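Hi,

Here is the structure I said I would pass on. Have a look at it first, and then read my notes below.

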Amino acid sequence: MAEPPALPLPPAAGGWREGDPAGRRSWVALDGPLRLESGATLPGVRLAYETWGRLAPDGGNAVLVLHALTGDSHVAGAAGPGHPSAGWWDALVGPGRVLDTDRWYVVAPNVLGGCQGSTGPSSRRPDGVPWGADFPYLTVRDQVAAEARLADALGIGRWAAVIGGSMGGMRALEWAVDRPGRTGSLLVLAAPAASSAEQIAWGSTQIAAIRDDPGWRGGGYHDAPPGSGPHRGLGLARRIAHVTYRSEPELAARFGRRPQSGELPSRGGRYEVESYLDHHAAKLVRRFDAGSYVALTEAMNGHDIGRCRGGVARALRRADMPALVAGIDSDRLYPPAQQAELAALLPGADRLRIIESPYGHDGFLIETDQVGALLQELLSGR
């Protein structure tokens, strides 16, 4: 995927206007190379981001919202150029909504290593060649270090709140532990203190599906002819992931054992649930880069808030800001026991909140009324 222009996109005719809640994608070039946790340096880093509302003169109304693995900066607003669907938390951000853009200045970056405007494997190095297989290994800490440089560029010294779910929750935790003075309050949804063996196994299986695709070409496929990349592998990775994102009872209720209309599994046809997974695989392949999927999954597998900090409990003691932690009762990817650990160890958290949902891990994206109530609670004292 080609990287977009370096400058903010102009408003579309009849579209975005300053003050509208829809936001628009902009870019910032980091000043100097980014030194990574591995010791490598990444030159020419740009982060894409969107904002809603206006930054107060004292900078005290800024809220950072961090997306999940295949999300992006488009938290709110309609589908449009560069955005194949409406914002993933559209019901929560805008005038009069929980994240009221008449009060809050909401910032959502595309993660470092992503493919929706930020520097990642599909980006070109300073010499003009795609990074591809040479893109360095990233950690969640590296991603937050880049986001801190974005905050500096925007003139934000301290966030009123840092909010994230799943991979975004990992980054929110890293903000709170590594930069507690810049994190006014914290909301973590469906994320762990450290990725477990099972979570690493799921992620590694998805990475293997991509790397075993002949179109992967060792990661150097970005200048290959169109349509020759590791699309089958990426689609398979998405199928695997999507099963972990939903709950077994929901899949049973929606699909059961029914064949897809007009197809017979005994004659090579699909079940309805297979068609459903095929649909989500095809959607992702159209909009996401396989190299980014690998880089981000590796970062999630490496997530451990206690690494080189004396363990999880000691690390979390650094994060003494007001905090809310929520798990989803049907989440089989990041089960509530992991969030219970966070709620018990974060000094500013009182108890675990539970989002009730039949949808599994994806509940943090779907149950916007319950998420909105948590946001309201977090921000009510700000």
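Among contacts in the protein between residues at least 6 apart in sequence, what percentage join residues at least 24 apart? The figure is 71%, where contact means heavy atoms within 4.5 Å.

Before the rest, some housekeeping. This is a predicted model, in which local features need pLDDT of at least 70 and side-chain atom pairs count only at pLDDT 80 or more, while totals for chains, interfaces and linings use all residues. Residues are numbered from 1 along each chain as its sequence is written, and side-chain values use heavy atoms, with hydrogens and water left out.

Overall picture

The secondary structure comes to 11 helices and 10 strands (DSSP runs numbered from the N terminus, with helices being H or I of at least four residues and strands E of at least two). A compact globule of 382 residues would have a radius of gyration near 21 Å, and the protein agrees with that at 20 Å; the radius is taken over C-alpha atoms, and the globule rule is 2.2 Å times the number of residues to the power 0.38. Along the principal axes, the C-alpha atoms fill a box of roughly 65 × 50 × 50 Å.

Of the 382 residues, 54% count as buried (under 20% relative accessible area; exposed is over 50%, and partly exposed is in between, with a 1.4 Å probe and protein chains only). The protein exposes about 15,700 Å², with carbon and sulfur atoms supplying 53% of it; areas come from the Shrake-Rupley method with a 1.4 Å probe, and for residues only the protein chains shown count as cover.

On charges, there are 39 positive and 41 negative side chains, and the centres of the two sets lie 2 Å apart. Lys and Arg count as positive and Asp and Glu as negative, leaving out His and the chain ends, and each charge is placed at NZ of Lys, CZ of Arg, CG of Asp or CD of Glu.

The strands

Strand β6 (residues 105-109) is largely enclosed by the rest of the structure, because five of its five residues are buried. In a regular strand the side chains alternate between the two faces of the sheet. In β6, Tyr105, Val107 and Pro109 point one way and Val106 and Ala108 the other.

Strand β4 (residues 46-52) runs antiparallel to β6, joined to it by four bridges, with Tyr49 partnered by Pro109. Strand β5 (residues 62-66) pairs with β6 in the parallel sense over three bridges, and Val63 has Val106 as its partner there. Two strands pair here if DSSP finds at least two bridges between them.

β5 also pairs with β7, again parallel, over four bridges, and Leu66 stands opposite Gly164. Strand β7 (residues 161-165) is mostly covered, with five of its five residues buried. Four bridges join β7 to β8 in a parallel arrangement, where Val162 is partnered by Leu186.

Loop residues

Two non-glycine residues have positive phi: Ala190, near 50 degrees, and Cys308, near 60 degrees. Are they buried or exposed? Ala190, in the loop between β8 and α3, is buried at 1%. Cys308, in the loop between α7 and α8, is exposed at 77%.

Arg258 sits in the loop between α5 and α6 and is partly exposed at 38%. Leaving aside neighbours within four places in sequence, Arg258 is in contact with Ala253, Tyr271 and Glu272.

Cheers
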